Each structure stands twice: as structure tokens, then as C-alpha cells.
Amino acid sequence: MSVSVTTADVSPATTETRRPSPAVLIAVLSTVGVVVSLMQTLVIPIIPSLPALLNTSASNASWVITATLLAGAVATPISGKLGDMYGKRLVLVVNLGFMIVGSVICASFSTLLPEIVGRSLQGAAVGAIPLGISIMRDELPPEKVGGAMAVMSATLGVGGAIGMPFAAVIAQNTDWHMLFWTSAGLGIACAVLVFVFVPESPVRTPSKFDFGGAVGLSIALLTLLIAISKGADWGWASTSIIALFVASLLTFLGWGYYELRQSAPLVDLRVSARPRVLFTNMASVAVGFALYGMSLTFPQLLMAPEATGYGFGLSMVVAGLAMAPTGLVMMLLSPVSARLSAAKGPKVTLALGSAVIAVGYLCAVVMMDSVWQIVLSAVIVAGGVGLAYAAMPALIMGAVPITETAAANGLNSLMRSIGTSTSAAVMSVVLAHMTIQLGGHALPSREGFHTAFFIAMAGAVAAIALTACIPMRKAQD
């Protein structure tokens, strides 16, 4: 039984006679990666004010964040498959179009439903990152591919890291709608750059789009991520949450059964089940889990009142600026990761990055006495994330045929999203239940932060163990 389409039209594109220099292509696609990643943290500075701004409850307002996460998780593998079928640049521009439209909707309204719709469209743009990685593999000379993919992969962390100070400065000095007008402008600029400088890849996988697989995966992911995202609010033992988890499990099983019987599946599960792909994706979940521990806990610790005895009382803008070096470290270590992967292999780089993440969280546990110690711990964690994220595409690309690169990278990005989503739920529960009372408000306790750091460290250790299971023999297609 055939389970994947391997026929590809790799003849030169007749409409593209000019190719940009590798440096221009890398710069454009990396810029796109940073901008779409920034959407994940765009509204963090206004989270406390969202209920009043949207005239709704805090629980309902949280969907402005959750919607982006859910849409990104669903859209990423679908975008990858469509890119393999119809052209990666075309689908990349469409993703940016969703982001632009979503930004305009959010900027034009002040009520809950339009904001959720707009934020969902913004989240769909996250599929641009695996598409960018696949374009680089198609278009760049072999000696440039490793470093370029490493930089592009790291933009997922970089955009999130710089997003908070960027958004905080705008939100503090202008009307909150300006956040979305700014993101719309950035989206337009990126779309123009892609249209002008990025050629359409000649690599195609002609087939019919697997609508049944897309619907099944969407339902399975939505039920899973809604349960993860809302478990703390609704109660982990509540009937609703249990029903969502059961529905997700049954849908995933049915979806897998269906996909294995398709001639052109949305996700080729036989390729995805290859040990190299499978364990890389599992390690991606663990690294994504560990990454979000930094994004959620360190800013809260920096902004906690000094009266707690362990907080530093920084404003959102100052805390964001203190965390900004993490994004720079991720980007700077991307080419280092590529060189290390070329010399020692991407498996070694992924394991080393995961170990550095664990060391960073250990530093956070033992060094909580000053701002510079927290920033240093965050930078160490970010350095590990930069090494690990940049190694993942090389592992995936070496295990799948060129006709499936966008879909495979999309699945890998999805695994990271599941890791960050799970981390958000777990860390939120820990910090919400291990608290102290100060001025009539419940604040995360020192022990709560320590527990969160240890849990994130456990995620990094799990990533090391999973990486050790990755076989490095050349994959057989």
C-alpha cells in the first residue's frame, strides 16, 4: 500500500530566472520568522488589563492568548503540507496575509469575539517558520543550508524573547490598539520582502489535499490544547476536562488509522514513526516544555514586589528589557550550533543544548538574590534553547525525502508548540497554587518558583534522554 507521494517536479521554475544571494534569502526568511514568532508574546504586556479593555471576565479574556496558540498548532502542519503541494513561497505569503488581516481585525475592535478571531488569524502565521526552513533547503547551496536552517529555527525563540519588551514599550506609551497596527505593518513589510526576494521553490509533491486528515488533526489538537490550556481554570478532574482529553485520545487514534490508509496523507505516519524522526519530535516536546518555563517564570520573578523578600519590583518594560538578551543569545548561538552539528553531528548538539538548559535552571534555583543572577540564568537557558532548536531541523531533514520537508518541519514545530502549551498549563498551576498573601493579593511563593524551575529542569533532562535514543544511521526512504 502506498502511503506517501514521492513524485516531485524539480525542474527549474520557468517564471523565476533570478535568484537572490544566500545572505539576502537568509535575512528575509529570518526576519519573517522573528515577526511571526513575536505574535506569541504580543499581548503579554496588557494581560492584566484585558478584562477591562474587552469588557469581559479574566477567564474569557485568556482566550485572546489561547486562540493564537491553538490556531498556530493547527495551521503549522497544514501549511507545511500545502507548501509541499502548491509552492512554499505562495503558502508563506498566504500565512502572512492571515497575520495582516488578523492584526487589522484586532486593531479595529474592542470586544472579545473579534479579538479572538483576529488573534487566531495571527496564530496561523506561525507556519511560516517551517516553510522558511524548507525553502532554505531547496534554494541554498549545500554548504549554507546547515547554518541557515539553524538561524531560522532559532527565530521561534528569538521572536518570543524580544516580543515582550517590544510590546511593553508600545503598550505603555500608546493606545493598546497600536500593538496590532504595528504588527499589521510588520506583516505587510514581510510579505513584500518575500514577494520580491524569495523565489518559488521548484520542488513539488503533486497530490490531493487530505481534508479528512486536516479535520481530524484539527479536532484532536483543539480538544487536547483546550484541555491543557483550561485545565487550571475548569479543574483537572472536572467532567469537561476529562471529556476533552478522552475525545482527543480517541480522535488521535481514529486519525492515525485514517492516515495510514491514505495514498497522500497530511502526515506520513510511517515516515514520522522512523526512530530518528520520532525521537527528535519527542525531544522537541521536552525542549519546548523547558523553554516556556523561562518565558513564564523569570519575568514574574523580576516583577514580583520587593516586599516578598525575593522579588525585584521591576516594571513590565524593565523586566522585558532585562530578558531581551535571551533573544540575542539564541540568535548568536545559531551559527555556533550549525558548526558544532557539522563537526560532531546534530544529535550531540541537541543533547548539549538540553544539558545547558538544565544547568541554567539549576543556576536559577541557587541564584535568586539579584537581578543580574536571574538574567544570567535566563541567558544560560536561552543559550541551551538556541543550540537545541537549531539542531532539530538538521535531524529532521536528514530523515525525510526532499518532497516532504515542509510537512516534516511543520510537524516538528507542532511538537514544540505542544511542549510549550503543556508547560504553560503546568507552570501556571504550580505558581497559582504555591502562593503567599501580600496586600490582599496572592503571589507565587519562592518555593513555587523553585518548583517550577525543577520541573523545567526535568523537561531538559527528559530531552537529553530522548536525544540519546535518536539513531544516526542514514535513513532509508
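In the predicted model, helices α1 and α9 are roughly antiparallel to each other, a label given to angles over 145 degrees, whereas those under 35 count as roughly parallel, 65 to 115 as roughly perpendicular and the rest as oblique. The axes of α1 (residues 22–38) and α9 (residues 178–197) cross at roughly 155° and come within 10 Å. Axes are lines fitted to C-alpha atoms, for helices over the stretch in contact, with angles running from 0 to 180 degrees between N-to-C directions. Helices are DSSP runs of H or I with at least four residues, strands are runs of E with at least two, and both are numbered from the N terminus.

On the α1 side, V24, L25, V28, T31, V32 and V35 meet L186, C190, L193, V194 and F197 of α9, where contact means heavy atoms within 4.5 Å. By class, this contact of α1 with α9 comprises 10 nonpolar residues, 1 polar residue and no charged residues. Ala, Val, Leu, Ile, Met, Phe, Trp, Tyr, Cys and Pro count as nonpolar, Asp, Glu, Lys and Arg as charged, and the others, Gly among them, as polar.

The crossing of α13 and α15 is left-handed. Helix α13 contributes A283, V287, A290, L291, G293, M294 and F298 to the contact, and α15 contributes L350, S354, I357, Y361 and A364. The contact of α13 with α15 has 10 nonpolar, 2 polar and no charged residues.

L253 lies in helix α11 (residues 239–259). With a relative accessibility of 55%, L253 counts as exposed; buried means under 20% relative accessible area, exposed over 50%, and partly exposed in between (1.4 Å probe, protein chains only). The C-alpha atoms of L253 and P45 are 39 Å apart, and the two residues are separated by 208 residues along the chain.

The mean pLDDT of the protein chain is 83, and 92% of the residues score at least 70; pLDDT is the predictor's confidence in each residue, from 0 to 100. Among the elements of the chain, helix α5 (residues 88–108) has the highest mean pLDDT (95) and helix α3 (residues 58–61) the lowest (74). Over residues 1–17 pLDDT stays under 50, and the model has 40 contacts beyond four places in sequence for this stretch.

Residues are numbered from 1 along each chain as its sequence is written, and side-chain values use heavy atoms, with hydrogens and water left out. As this is a predicted model, local features need pLDDT of at least 70 and side-chain atom pairs count only at pLDDT 80 or more, while totals for chains, interfaces and linings use all residues.

Technical notes:
Left-handed = near helix turned anticlockwise from the far one by under 90°.
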